[in-house]
Number of protein chains: 2
Amino acid sequence: MTEQLDELADLIRDAKLRDLRLALDELNPGDVVDFLERLGVKDRAVTFRLLPKDTAVEVFDMLDQALQHEIIEGLQDGDVAHFFASLDPDDRVRLMDEMPASVARKMLRHLGPRERSLTSIILGYPSGTIGRAMSPEFVAIPEHWTVAQALQKVRRAGAEAETVYTLPVVDRQRLLKGVVSLRDLLIAEEDTVVETIMNDADSVDADHDAEDAARRCADRKHLAMPVTDSEHRVVGIFTVDDALSIIEREESEDAARHGGAEPLHRPYLSTPVLRIMRSRIVWLLVLGVGAALTVSVLGAFEEQLEAVTILALFVPLLIGTGGNTGNQAATTITRALALGDVSTRDVFKVLWREVRVGLTLGSTLGTMGFVLAGVVYGWDIGTVIGLTLVAICTLAASAGGLMPLLGKALGADPAVFANPFIATFVDATGLIVYFMIAMAILGI
Amino acid sequence: MTEQLDELADLIRDAKLRDLRLALDELNPGDVVDFLERLGVKDRAVTFRLLPKDTAVEVFDMLDQALQHEIIEGLQDGDVAHFFASLDPDDRVRLMDEMPASVARKMLRHLGPRERSLTSIILGYPSGTIGRAMSPEFVAIPEHWTVAQALQKVRRAGAEAETVYTLPVVDRQRLLKGVVSLRDLLIAEEDTVVETIMNDADSVDADHDAEDAARRCADRKHLAMPVTDSEHRVVGIFTVDDALSIIEREESEDAARHGGAEPLHRPYLSTPVLRIMRSRIVWLLVLGVGAALTVSVLGAFEEQLEAVTILALFVPLLIGTGGNTGNQAATTITRALALGDVSTRDVFKVLWREVRVGLTLGSTLGTMGFVLAGVVYGWDIGTVIGLTLVAICTLAASAGGLMPLLGKALGADPAVFANPFIATFVDATGLIVYFMIAMAILGI
């Protein structure tokens, strides 16, 4: 596949646009998306304009928002309006969030009245809530209807709706009473009353956090969840494909921040080098400030270092092990938080677990450190290294377990908060502990 | 919510089982799952037995495989057979993969002939392929049928099928010709021939890698994808909820390995401390071997360290910055590989990008390091630190970008491969570069 895409890229380079157009006709929209995501801005604009209009709409719908935004910028006003109108209301709002307000307003004006009103329903909810990610185009079934009536409504209104496979069931006040699946409607007798075959609804409040709702939708294997207002009236529907997009975005953020960088929010090969550099430099500077602290800490023990230079040899090993242990705990807890396996209220449970894990890890590594360093550098140095490893592992595992919870409690991204703090804290306190133990045992 | 779950936990502790049973009746199955995932093995077994049989089956279906396994172990033979039979064939096979072969065989014998034959279809595909994760219970529609005939078949066979919302369309040889959505069937006129309203099928070969297929299903927003054999006959269907489980499992693995630990594959609070410790110790030992290398490298420069003790102060800062830069690059590329944004064939593109990113990062940090270290420790030390930062950042970004690709090319998990290698390589070569530069500039 990649080979085929490379051949297409050659066609662009050689400006063989007619051949490229023919080759693009052979690809299905998903493959076209893969291809576009590997190109720079200009080549992508050229290629996109070669697509037949129908394919272009489908491809546009599947692209990353960042790339949609760039394509929109490169198009004529009339074409923009066309693509904009072809999106689902929820996708449209997500794209608008990326654009300057003036452009967004101008594009809203191009929409028909129905599309405009659907869009503004979603715009009414704050960014980051599920209201902003839901679709207002749902088919609700009154609870006292028969199966035949319900199916009739699906046939009539189904083409426009976001989904018809999970249908909210409502009473006369439009309050949510349950959900019925299209499969159950089809299997049931025509004169069955919907109320008798509906299931309990697992619904979500429109003001609820979007990531949390997306995780719940995925965990509980729902194809769609009804979204309700504060009075439990149905206002929209949230589908599993939107849940997937939200989860993937969050996973990419978490992965990037674990690695100490801001997420790119766009495919790697389509991102300019300077932009990649900017996504990393802030983090390196933040971590650098923490590292500068280690210079001062070591500076405070310069005298001891001069007396026993051997102590310097173990510095990378000790703070490296501390950093690794802290990272392990932080990663586990950050992931458990994301999956909803632990909450901020579990702080003492987590601390008690991590202290024990840290002590066990420290004792194992400490014993090995004691023997190895002892054999090579003498038993007093071995004792210092062994004891320091026990202390550092316990410290690091506890700090690593607590930091994501603290970050979450303060309303920050657990990974953002945990990463620099653990590095700085574990490095600095680890070195202090190391020299304290060394001074006590070596008498320096 | 967590508060409510804590109250339930109190009921277990106080052995108020009657109250617990009443409280459990109030919860929906999803909440019961959340509760069970916070309990230890014994409490979970006690609670599970209190559930009404219907709820128990639903809850069991949603649990993590590791917990399903433990519950199965704690039940009587007759009950085991009941739960085992209630699972979908693909879920059943996944659970069997976790159990000792003798138990799995015994449980297969308890199944009815139909369930047993469905299960063995899936068991025929190698583990890790999509054939192992698909469902053989699909409803295929012959292309020459009318919409009325197709809907009739869905009504008749729909209750047993994994999904009826995406239906494979086949010819007389059962070769896949396309897919038709239940929505399109419902909206169309009854005498329309299915062939005329079907869409191109985005199908996947049964031997295809399961993670790759799951990503494609999610990226392209399919509710289900037909699975075919080598002759393009339909053999099963793969649904988005199974894609989600596979992706979540892979994400958890990647996250754990980025943090330098093996994945737990089960909720954190339900995992014994010793098991958490075991998931981390191997990685710490591997990384420790790498760190031991830094002790030898520093040992080789002991003379220079004794001559200029100040050099020791910058060791944590320099290798820390190198590690961070390498990690950033490795994380970005690992993620891009997982999402299919880059492939192993892009190795030179990636290298050229990362060399430039590393140089830019190194120049920025190097300039700051030069000024700050220069002011405090003199301009010769400043020059050493500045130059070393440029070199280390370039080295680390390139190595960090290459390692995941190399790992992938060798058939290993990119994250597993990248992590220890970067730590060891960047630390060791970074220190050598540091002392080389120091010896040249300081004349020691």
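This is a predicted model: local features need pLDDT of at least 70, side-chain atom pairs count only at pLDDT 80 or more; totals for chains, interfaces and linings use all residues.
Chain B contributes 87 residues to the contact, and chain A contributes 87 residues. Helix 19 of chain B supplies the largest share of the side of chain B that touches chain A, namely 15 residues. By residue type, that side of chain B divides into 42 nonpolar, 24 polar and 21 charged residues.

The same surface serves both copies, since 100% of the contact residues of chain B recur in chain A. As background, two copies of a chain are related by a rotation about an axis and a shift along it.

## Helices 19 and 20 of chain B

Helix 19 of chain B covers residues 315-338, and helix 20 of chain B covers residues 347-377; their axes come within 12 Å and cross at roughly 150°. The crossing of helix 19 of chain B and helix 20 of chain B is right-handed. On the side of helix 19 of chain B, the contact is made by B:Thr321, B:Thr325, B:Ala329 and B:Ile333. Helix 20 of chain B brings B:Val350, B:Glu354, B:Gly358, B:Leu361 and B:Leu365 to the contact. The residues of this contact between helix 19 and helix 20 of chain B comprise five nonpolar, three polar and one charged.

An α-helix has 3.6 residues a turn, so residues three or four places apart point the same way.

In chain B, strand 2 (residues 166-170) is mostly covered, with five of its five residues buried.

Strand 2 of chain B pairs with strand 1 (residues 141-142) of chain B in the parallel sense, over two bridges. Within this part of chain B, B:Ile141 has B:Val169 of strand 2 as its bridge partner. Strand 2 of chain B also pairs with strand 3 (residues 176-181) of chain B, here in the antiparallel sense and over five bridges. B:Val170 stands opposite B:Leu176 of strand 3. The hairpin of strand 2 and strand 3 of chain B has five residues between the strands, and B:Arg174 takes a positive phi near 65° there.

In chain A, strand 2 (residues 166-170) and strand 3 (residues 176-181) pair in the antiparallel sense over five bridges. A:Pro168 stands opposite A:Val179 in strand 3 of chain A. The hairpin of these strands of chain A has five residues between the strands, and A:Arg174 takes a positive phi near 65°.

| Strand pair | Bridges |
|---|---|
| Strand 2 and strand 3 of chain A | five bridges |
| Strand 5 and strand 6 of chain A | five bridges |
| Strand 2 and strand 3 of chain B | five bridges |
| Strand 5 and strand 6 of chain B | five bridges |

Three strands of chain B form an open sheet in the order 4-5-6, with mixed pairing. The edge strands are strand 4 (204-205) and strand 6 (234-239) of chain B, each pairing on one side only. Strand 5 (residues 224-228) of chain B runs antiparallel to strand 6 of chain B, and B:Ala224 has B:Thr239 of strand 6 as its bridge partner. Helix 15 (residues 240-258) of chain B packs on this sheet and touches strand 5 and strand 6 of chain B. The direction of helix 15 makes about 65° with that of strand 6 of chain B.

Chain A has an open sheet of three strands in the order 4-5-6, also with mixed pairing. Strand 4 (204-205) and strand 6 (234-239) of chain A each have a single partner strand, so one side of each is left without a neighbour in the sheet. The bridge partner of A:Ala224 in strand 6 of chain A is A:Thr239. Helix 15 (residues 240-258) of chain A lies across strand 5 and strand 6 of chain A, at about 65° to strand 6.

Helix 3 (residues 29-36) of chain A is largely enclosed by the rest of the structure, because six of its eight residues are buried. These buried residues are A:Pro29, A:Val32, A:Val33, A:Asp34, A:Phe35 and A:Leu36.

A:Leu51 lies in the loop between helix 4 (41-50) and helix 5 (53-62) of chain A. A:Leu51 counts as buried because it has 20 C-beta neighbours inside 10 Å. Leaving aside residues up to four places away in sequence, A:Leu51 touches A:Leu24, A:Val32, A:Ala56 and A:Val59.

Definitions and conventions: Residues are numbered from 1 along each chain as its sequence is written. Chains are lettered from A and ligands numbered from 1 in the order in which they are written. A residue is buried if 20 or more other C-beta atoms lie within 10 Å of its own, exposed if 12 or fewer, and partly exposed in between; C-beta atoms are placed from the backbone. Helices (H or I, at least four residues) and strands (E, at least two) are DSSP runs, numbered from the N terminus. Two strands pair if DSSP finds at least two bridges between them. Axes are lines fitted to C-alpha atoms, for helices over the stretch in contact, and angles run from 0 to 180 degrees between N-to-C directions. A crossing is left-handed if the near helix is turned anticlockwise from the far one by less than a right angle, and right-handed if clockwise. Two residues are in contact if their C-beta atoms, placed from the backbone, lie within 7 Å. Ala, Val, Leu, Ile, Met, Phe, Trp, Tyr, Cys and Pro count as nonpolar, Asp, Glu, Lys and Arg as charged, and the others, Gly among them, as polar.
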